[in-house]
There are 2 protein chains.
Amino acid sequence: MGSSKTLPRLDESLLSYLPQFMRLSRQDIRDILDQAVSRRFDADTVIFEEGAPAERFYLLLDGYVRVLRITKEGKRVILLHIQSGQLIGIARAIGRTEYPATAMTASECLALSWPMSLFDVFAEKYDGFINETQKAVGRRMNEMNTRIVELSSQHVDRRVANALLRLIDQSGREVGDGVEIDFPITRKDLSELSATTLHTVSRLMTAWERDGIVKSSRQRIVVRNPRKLAELGHVDKTKQPPIR
Amino acid sequence: MGSSKTLPRLDESLLSYLPQFMRLSRQDIRDILDQAVSRRFDADTVIFEEGAPAERFYLLLDGYVRVLRITKEGKRVILLHIQSGQLIGIARAIGRTEYPATAMTASECLALSWPMSLFDVFAEKYDGFINETQKAVGRRMNEMNTRIVELSSQHVDRRVANALLRLIDQSGREVGDGVEIDFPITRKDLSELSATTLHTVSRLMTAWERDGIVKSSRQRIVVRNPRKLAELGHVDKTKQPPIR
DNA sequence: CCTCAAGTTTGTTGAAGCGCAAACAACCTA
DNA sequence: TAGGTTGTTTGCGCTTCAACAAACTTGAGG
């Protein structure tokens, strides 16, 4: 289970490089930190649940978080991945009083949180906060749009390829022979991201491993040849119907 | 082509019942209207295009608008339907300087528009404007999430059923023997909403027509038995796996 | 009234990919 | 080190649906 504490005193450098807080004075950042609760979460732990009253909002300091929904049939659908430095649970920014989806850690995580009532205070008081937050909302919306387009128009292999590309783009870590996804990820997770089954993902991965595009072991994926993967993901049908 | 004019003087009642403007004084509304450009659009006309600089934002007074993207292969994917009373092109509200998608009229439309620079002015000056706008963003985000979940987890027939249900919910008009979708809609449109082909939609429609669930003619769809359609759309598998 | 374009229906075919099942491999902990 | 748990691979059958094709319907415009 995660542990919750406010001590020792949080260092100001935690926030001072994040776009939301960049323009603030040392004192403002100090105030913000002094009101925060810091907490560690184990991997695969629910931070907040869809439909629950949105009581707090979080800043992910370290680790990765998945935003997901669970269908009536109990099937998980991953909507987004969030990396450190990002705010989550900002229901207030989109005029909601309940969390619209579930947030679950993908790896061990460290997060600060504040009561939602402070969101309005921050928005009012701190220059750039609301603006950067809106930008973040915009980016996520854009990612969702892209997902919808992908799901609607592309075949499984492309969807999986694109999901992988997005993951290494957002949370890739350079390793000796390629770029590794920086948190444990299973075939099942990938299938929940790309709307297919773990079986199909597994088949694709072995095929790509044979071609030297990826290398994977249990819960670890290294993309050795992002270029080639991108070719699979992007569409380069020579015939491009005019947009009439 | 659409015509553009500022005369005759717009009536205040156009705005005074909309949530964004509800709390405002007569004078404020007058000011807002005096800065607006009013314009009529024919059906199937582009209002603004994805990627273009977001120079104006719009308030749809009458008609229906589709928000869509076009894939590299030239395939259209409809992201949302917008009904009258809603703002569109509010890129600014999500921190963007370009329109993230294309807006196209689904029927003849009437819209007011303002230069984007006024967005910040409205947000600052008029109580409730930014709040209601954020709520609208939240609703659209929610709809997108639902789309993603649907596309990821449901079969074609359910997706089409749900798309229809959403359409009659958002823009249904009571007619003698059911609820009609209030704007011209083709099988192709429906297929672009539910990620399938017009052929499959056609087959489903004829099957449902045989069952008395819908009635359709060219570009017109009447849902006679929403209840039954909802049964098709909702999932009522008795076995509900635990959410472990 | 005729023509044409746009939308719709219907049939046929093939393959993608899902469900199911079983075996296997890696890791965890007792 | 044994035993259990969790993740992964692989094969096979079968359903679903997209692709292709072609005829038909409807409505608009001359």
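**Exercise 1. Determine which element gives the most to the surface near DNA strand D, and describe that surface.**

Solution. Helix 7 of chain A gives the most to the surface near DNA strand D, with five residues, where helices are DSSP runs of H or I with at least four residues, strands are runs of E with at least two, and both are numbered from the N terminus. The model is predicted, so that local features need pLDDT of at least 70 and side-chain atom pairs count only at pLDDT 80 or more, whereas totals for chains, interfaces and linings use all residues. Residues are numbered from 1 along each chain as its sequence is written, chains are lettered from A and ligands numbered from 1 in the order in which they are written, and side-chain values use heavy atoms, with hydrogens and water left out.

Next, take the whole surface: 18 residues surround DNA strand D, the closest being A:Arg187, A:His199, A:Ser202, A:Arg218 and B:Thr196, and a residue is near the strand if one of its heavy atoms lies within 4 Å of it. By class, the surface has three nonpolar, 10 polar and five charged residues; Ala, Val, Leu, Ile, Met, Phe, Trp, Tyr, Cys and Pro count as nonpolar, Asp, Glu, Lys and Arg as charged, and the others, Gly among them, as polar.

**Exercise 2. Find how far polar atoms of A:Arg187, A:Ser202 and B:Val156 lie from phosphate oxygens of DNA strand D.**

Solution. Begin with the side chains: a polar atom of A:Arg187 lies 2.8 Å from a phosphate oxygen, and one of A:Ser202 lies 2.8 Å from a phosphate oxygen.

**Exercise 3. Characterise the interface of chain A and chain B by its contacts, buried area and salt bridges.**

Solution. First, 38 residues of chain A are in contact (heavy atoms within 4.5 Å) with 38 residues of chain B. Second, the buried area, which is the accessible area (1.4 Å probe) that two parts lose on being put together, summed over both, is about 3,900 Å², and carbon and sulfur atoms give 61% of this area. A:Glu73, A:Met141 and A:Ile148 supply 16% of the area that chain A buries against chain B, more than any other three residues. Third, the count of salt bridges (a side-chain nitrogen of Lys or Arg within 4 Å of a carboxyl oxygen of Asp or Glu) between the two chains is two. B:Glu73 forms a salt bridge with A:Arg158, with the closest N and O atoms 3.9 Å apart.

How values were computed: Polar contact = N/O pair within 3.5 Å; in protein donor to acceptor, adjacent residues only side chain to side chain.
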